[in-house]
Amino acid sequence: MKSLYTNGFEHLYDDMYQTFIDYQEEFNFYSSIILQYKKKSVLEIGCGTGNLAKFFIASALKYIGLDLSQDMINVSQKRNPTGTFINNDVTSFKLDNKIDSIIITGRTTSYFLNNQTVTDALKAIHSNLNKDGILCFDFIDASRFFLEIKGGKSISHQAIIDKKHYVRESYIKENTTLDNMMFDWDAKYYKIQGDNKTHLTTDTSTVRAFTKNEWELLLALNNFELIECIDRKSYAFDTYVVVARKM
C-alpha cells in the first residue's frame with residue numbers, strides 16, 4: 001500500500017504497524033536463522049520505519065536497512081541515528097561490500113508483481129551476497145489465502161498507540177483477470193476521537209501472493225538452493241518463510 005509509505009502517511013504506517021507486529025519476536029525469529037547459518041552481517045530489504053532495525057543494530061550483527069521510500073528511510077534514520085540505511089530499489093541495488101545474509105521482511109514480496117521483477121530482484125540479491133550467503137523472506141501463501149478471500153472479504157483492524165486510535169477497514173478480493181496470483185486490496189484509514197471518526201486516507205492496491213512451488217522454481221532459476229520453507233502464522237495472512245542459499 002504505497003500511499004502509506006510517503007507524503008506524511010509514513011507516520012500513520014509507523015503508528016499502526018507497531019500495534020500489528022511484535023518486532024521483538026520478528027527479530028528473534030530472523031536473527032536465529034541468520035545465526036544458525038553462522039552469518040555475521042544482514043541487509044534488511046523493506047526496512048520501513050526502522051522498528052525491526054533497532055533490534056538488529058543493538059545486536060552483534062552488522063546491519064544495513066534498505067527501502068524504496070526515502071520518507072520511510074528518514075523515519076528509520078531518526079529512530080536509529082547510528083544505523084546505516086539506503087534508499088534504493090531491490091531490483092537494482094549495489095552495496096559497497098557484499099554481505100552474509102539478506103532478509104526481505106513485512107511481506108514485501110507481495111509487490112513483486114511479475115516474474116521479471118522477481119528475477120531482477122533475485123539477481124541483484126545474488127550479486128550482493130557473499131559466497132554461500134543466505135536469503136530469507138516471507139510471502140503470502142496463495143494456496144490457502146485465496147480460498148479464504150474467495151468472493152471478497154471485509155476485514156477491520158484497530159490500532160491504539162500513544163493515546164491515538166486508528167481503524168483500517170479493508171476489502172480484499174482475488175483478481176483473476178491478471179497474470180499470477182493477484183488480489184485487490186482496498187483500504188480506508190480513520191482516526192477515532194471520542195465519537196468522531198475522521199477519514200485520513202484511502203489506498204487501493206493490487207498485490208501478489210505466491211505458491212511454494214513458484215518460489216522453488218524461481219529460486220532455482222536464479223541460482224539459489226532452497227534450504228527450508230517454514231510455515232509461520234503472521235498478522236492477517238497465511239505466510240511461509242523461505243530460507244535459501246546462494247549457489
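Reader: Which residues of helix 5 meet which residues of helix 7?
Author: In this predicted model, Asn115, Val118 and Leu122 of helix 5 meet Trp215, Leu218 and Leu219 of helix 7. These residues of the contact divide into 5 nonpolar, 1 polar and no charged.

Reader: What makes Asn222 count as buried?
Author: The relative accessibility of Asn222 is 7%. Buried means under 20%, so Asn222 qualifies. Asn222 is found in the loop between helix 7 and strand 10 (224-234). Leaving aside neighbours within four places in sequence, Asn222 is in contact with Thr119, Leu122, Lys123 and His126.

Reader: Why is helix 1 called oblique to helix 4?
Author: The axes of helix 1 (residues 10-20) and helix 4 (residues 70-79) come within 9 Å and cross at roughly 60 degrees. That makes helix 1 oblique to helix 4, because roughly perpendicular begins at 65 degrees and roughly parallel requires an angle under 35. The crossing of helix 1 and helix 4 is right-handed.

Reader: Which residues make the contact of helix 1 with helix 4, and how do they divide into nonpolar, polar and charged?
Author: Helix 1 contributes Glu10, His11, Tyr13, Asp14 and Gln18, and helix 4 contributes Asp71, Met72, Val75 and Arg79. The residues of this contact divide into 3 nonpolar, 2 polar and 4 charged.

Reader: How do you know that Lys153 forms a salt bridge with Glu148?
Author: The closest N and O atoms of Lys153 and Glu148 are 2.7 Å apart. A salt bridge requires a side-chain nitrogen of Lys or Arg within 4 Å of a carboxyl oxygen of Asp or Glu, so the pair of Lys153 and Glu148 meets the rule. By this rule the count comes to 9 salt bridges.

Reader: Are Lys153 and Glu148 buried, exposed or partly exposed, and what makes them so?
Author: Lys153 has a relative accessibility of 28%, and Glu148 has a relative accessible area of 35%.

Reader: What parts of the chain does the salt bridge of Glu169 with Lys197 link?
Author: The closest N and O atoms of Glu169 and Lys197 are 2.7 Å apart. This pair links distant parts of the chain, with Glu169 in strand 7 (residues 164-175) and Lys197 in strand 9 (residues 196-209), 28 residues apart. Glu169, at 31% relative accessibility, counts as partly exposed. Lys197, at 44%, also counts as partly exposed.

Reader: Why is Arg208 called buried?
Author: Its relative accessibility is 0%. The cut-off for buried is under 20%, so Arg208 counts as buried. Arg208 forms a salt bridge with Glu214, the closest N and O atoms being 3.5 Å apart. Salt bridges that share partners join Asp141, Arg144 and Asp231 into one network.

Reader: What makes Ile227 partly exposed?
Author: Ile227 has a relative accessible area of 28%. Buried would need a value under 20%, and exposed a value over 50%, so Ile227 is partly exposed. Ile227 lies in strand 10. Leaving aside neighbours within four places in sequence, Ile227 is in contact with Tyr37, Ile134, Val243, Ala244 and Arg245. The C-alpha atoms of Ile227 and Arg245 are separated by 6.8 Å, with the two residues 18 apart along the chain.

Reader: Why is Arg107 called buried and Asp162 exposed?
Author: Arg107 has 12% relative accessibility and so counts as buried, the cut-off being under 20%. Asp162 has 63% and so counts as exposed, the cut-off being over 50%. Arg107 lies in the loop between strand 4 (99-104) and helix 5, and Asp162 in the loop between strand 6 (153-161) and strand 7. Arg107 has a positive phi of about 55 degrees although it is not a glycine. Asp162, not a glycine either, has a positive phi of about 50 degrees.

Terms used
Residues are numbered from 1 along each chain as its sequence is written. This is a predicted model: local features need pLDDT of at least 70, side-chain atom pairs count only at pLDDT 80 or more; totals for chains, interfaces and linings use all residues. Side-chain values use heavy atoms; hydrogens and water are left out. Contact means heavy atoms within 4.5 Å. Helices (H or I, at least four residues) and strands (E, at least two) are DSSP runs, numbered from the N terminus. Ala, Val, Leu, Ile, Met, Phe, Trp, Tyr, Cys and Pro count as nonpolar, Asp, Glu, Lys and Arg as charged, and the others, Gly among them, as polar. Buried means under 20% relative accessible area, exposed over 50%, partly exposed in between (1.4 Å probe, protein chains only). Axes are lines fitted to C-alpha atoms, for helices over the stretch in contact, and angles run from 0 to 180 degrees between N-to-C directions. Angles under 35 degrees count as roughly parallel, over 145 as roughly antiparallel, 65 to 115 as roughly perpendicular and the rest as oblique. A crossing is left-handed if the near helix is turned anticlockwise from the far one by less than a right angle, and right-handed if clockwise.
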